[in-house]
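Good morning, and thank you for making time for this presentation. Please look at the sequence and the structure as they come up, and we shall go through them together.

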Amino acid sequence: MSEPEATQATPEPAKHDKTAPEDRRIGVYICHCGGNISDYVDVEAVRDALADEPNVVISDDPIFACSDGTQQDMIQAIKANGLDGLVVASCSPKLHQTTFRNVSKRADMNPYAYTQVNVREQASWVHQHDKAGATEKVIGLVRSGVAKSRLSDELVPLRVNTVPRTLVIGGGIAGLRAAKGLADLGIDAILIERQPELGGWVGKLGAMFPHEDSGKEQVATLIDEVKDRRDVTVYTAAELTSKAGSFGNYEVEITLHREGGDKVLNLEVGSIIVATGFDSYNPDDGEYGYGMDGVVTLPQFKELVDATGSGPLSYNGRPVRSVAYIYCVGSRQEAGGNEYCSKYCCTAAIHASSLVSSLDPGIRQYHLYRDIRAYGRNELTYNESREAGSVYVKFDPDTPPEVAKLDSGVLGVTVTDLLTGHAELTLPVDLVVLVTGMVPRENKTLIDLLKLPLGSDGFFNEIHPKLRPVETVVDGVMIAGCCQAPRTMGESVSAGLAAVAQSAALLKKGFAELEPLVAVVDPDKCTGSGECLTACPYDSITSIEWDGRQIASVDPATCKGCGGCIPVCGADAIDLLGYTDEQMKAAIEELVVTEMPVKEPVA
Amino acid sequence: MTPAAAAGVTNPRILVFSTINISDPGIDLAGSRHLEYPASVQTMAVPCSSGLKPAWLVYALDKGFDGVFVASDGEECSYLPDCAERTAKIISQAQEMMAARNISPSRLKMAAVCSVCAEPFANYMREFAETLKALGANTSAA
């Protein structure tokens, strides 16, 4: 088996053949996306309007363009009709551009003659009360897409060699497991951890649900396994301080905080896995009595229980004979907290209470909850805790429990029990545990360096929550664990391993295919003024001798395809492939539909 | 006569130039969150706002758009550290070209839209549509 060779950059302007625009044969598919698009856009009207467009050979409206069946239909249609252009109007290109480029490839059609038109995120979902307007808009957008395909060039991806090494940022459970997983697959792992110690949150924990394994021991085992490996290099008290280059060949600078001064390391890595974890919600002073002696958060309580060993549970030297847990502190609320559910905390609190029961079944435990979300097998842990004597009291979020010191000096939690005739109970307890969830960790420098996208909740955002759950919009940068969303240890490890698989998918071939959508100079138009030479921060443009004079030339391997050189050229001699002057103007023109295609207004 | 002129600019046509990595995800997020804005807004994505030719912005106004909005990369740009200044220069060059054709500079707007700027984007669109309604028909349109 021979692997394709990575091509060297050529200083010569590449030639791009294409069929004359008037002879192009284009297939158009307008997706219903179930009803996500067709409920708000008259998809049939769009299909009919496009059927009459020049060059359009097929105009169809599948229920799901991305389904396997429709993909097969497209491949057959491309082959049977000799299509050399494809337009799918569906969701954001972030989701399915690759899908339909692959459909084109499988049908032996140039994938760069494919144009994805975003009519869901940028049309149907934002015009839910204007079907006629949305339909007119979509017809324009699809015509514009057809114009781009009609004028597309026959392009071939550029190949560059990739570095078989991945930087893992964060030495918690997700990062540690990912580092080992990378090494198992033959990819060198560089693991950096900001703290002086590895292990993260799990490394501080004793017995964890569901199998009572100790977090500390699991982390210690992993650290031993990783330390034995030559293909895993670990740096603690280390931070990423700069990143350059592109996916496959990132140049990273790591600063090691060492006694006597910082040291700087420069490395090349092919991909980056971010596993920087979470912070625990920190209640405000006075929030459910926080700040009073005997009111603690869930992580503080777990530490107390873990430190107790087998001996009597005590807090600040006082025996603990009763505990009240208040659930959803800082979670599921619009003001002064977070709207989301952290989903691990119900089970973590229930599990901690089971540990308390096994220390001493006589300790009274009251769980004041909004809803118990002990999902999956965790339901069994919940049942066991009730059988062991824990009492569960449901409260209404509008009348949350109140914590105060009683006259007797102990803490009192007053709650209205929603399920027993709204009886108001005051429970005297020795300890109040605020069941706090996860919040995004402060990480501004890293976010700025890697250009990581954040969701509205402040956690890092994946490209697609189901289909591309660990990739980000930044090529070669993956996310894993609780920096992405609150989750359990098992789920964090799964995400870490998914990021490993995704890194392997990018790096194991030894080369990466880069978008051929780069700048090209028209040697006939170029006057050799040199204006563009300083416009490129990547030094991709050089002056070459051509036909007895000096002209500019772009190196396709280092060109990032931003187009920054294009408006700089006074002679209008540079085009960005995929966004040529001709394509842009035609695409703009086609957006404006001059006739309303919808015969009768639709409410 | 363009549709916008025929309709007395009740629905001014707006062309948004977005950027694939930064502002387009923000505009997508407005969609995921179902934040409504006028259907007369159409978006065209390019890799970077510093790669836009001033002539394209003016071309859109010539072809029937009432306004052009450049959703720029700003400081977020992963390609060019001076992207904000470059895009600003493109806008001022386009405005010079517009002035030569008696097109109001208010028909061209630029704002940095980040990858999570869903609400700001929807607000920009509603506000820009109001500005363009107040300006009346774009008489320069071919």
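In which sense do strand β17 and strand β23 of chain A pair, and over how many bridges? In this predicted model, β17(A), residues 322-329, and β23(A), residues 431-436, pair in the parallel sense over five bridges.

Five strands of chain A form an open sheet in the order β14-β23-β17-β18-β19, and their pairing is parallel. At the edges stand β14 (295-297) and β19 (391-394) of chain A; each has a single partner strand, so one side of each is left without a neighbour in the sheet. From one strand to the next, the twist averages 25°.

Helix α9 of chain A, residues 345-359, touches β17, β18 (364-369) and β23 of chain A. The direction of α9(A) makes about 170° with that of β17(A).

That brings us to helix pairs. Two packed helices are described by the angle between their axes and the distance between the axes. For α9(A) and helix α10 of chain A, residues 378-387, the angle is about 40° and the axes are 9 Å apart. With that angle, α9(A) is oblique to α10(A). The crossing of α9(A) past α10(A) is left-handed. On the α9(A) side, T347(A), I350(A), H351(A), S353(A) and S354(A) take part, and they meet N378(A), T381(A), Y382(A), E384(A) and S385(A) in α10(A). By class, the residues of this contact are two nonpolar, seven polar and one charged.

A second pair in chain A consists of helix α6, residues 173-184, and helix α12, residues 489-507, which pack at about 35° with their axes 8 Å apart. Here α6(A) passes α12(A) in a right-handed crossing. Among the residues that meet are A174(A), G175(A), A178(A) and G181(A) from α6(A), with S492(A), A495(A), G496(A) and A499(A) among those from α12(A). The contact of α6(A) with α12(A) has 10 nonpolar, five polar and one charged residues.

I turn next to a single residue. Is S104(A) buried or exposed? S104(A), found in helix α3 (residues 93-106) of chain A, has 23 other C-beta atoms within 10 Å and is therefore buried. Leaving aside residues up to four places away in sequence, S104(A) touches L86(A), M109(A), N110(A), P111(A), A113(A) and Y114(A). S104(A) and D84(A) are 20 residues apart in sequence, and their C-alpha atoms are 9.0 Å apart in space.

Let us move to the other chain. Chain B has five helices and four strands, and along its sequence they follow the pattern α-β-α-β-α-β-α-β-α. Chain B has 142 residues, of which 61% count as buried. Of the contacts in chain B with a separation of 6 or more, 82% are between residues 24 or more positions apart.

Finally, where the two chains touch, the contact takes 40 residues from chain A and 42 residues from chain B. On the chain A side, α4 (120-124), α5 (131-150) and α13 (581-591) each supply at least two residues. Of the elements of chain A, α13(A) gives the most to this side, with six residues. The residues on that side of chain A comprise 18 nonpolar, 13 polar and nine charged.

How values were computed:
Residues numbered from 1 in each chain as written. Chains lettered and ligands numbered in written order. Predicted model: local features only at pLDDT ≥ 70, side-chain atom pairs only at ≥ 80, totals over all residues. Pairing = 2+ DSSP bridges. Axes fitted to C-alpha atoms, helices over the stretch in contact; angles between N-to-C directions. Contact = placed C-beta atoms within 7 Å. Nonpolar A, V, L, I, M, F, W, Y, C, P; charged D, E, K, R; others polar. Parallel < 35°, antiparallel > 145°, perpendicular 65-115°, else oblique. Left-handed = near helix turned anticlockwise from the far one by under 90°. Buried ≥ 20, exposed ≤ 12 C-beta atoms within 10 Å, placed from the backbone.
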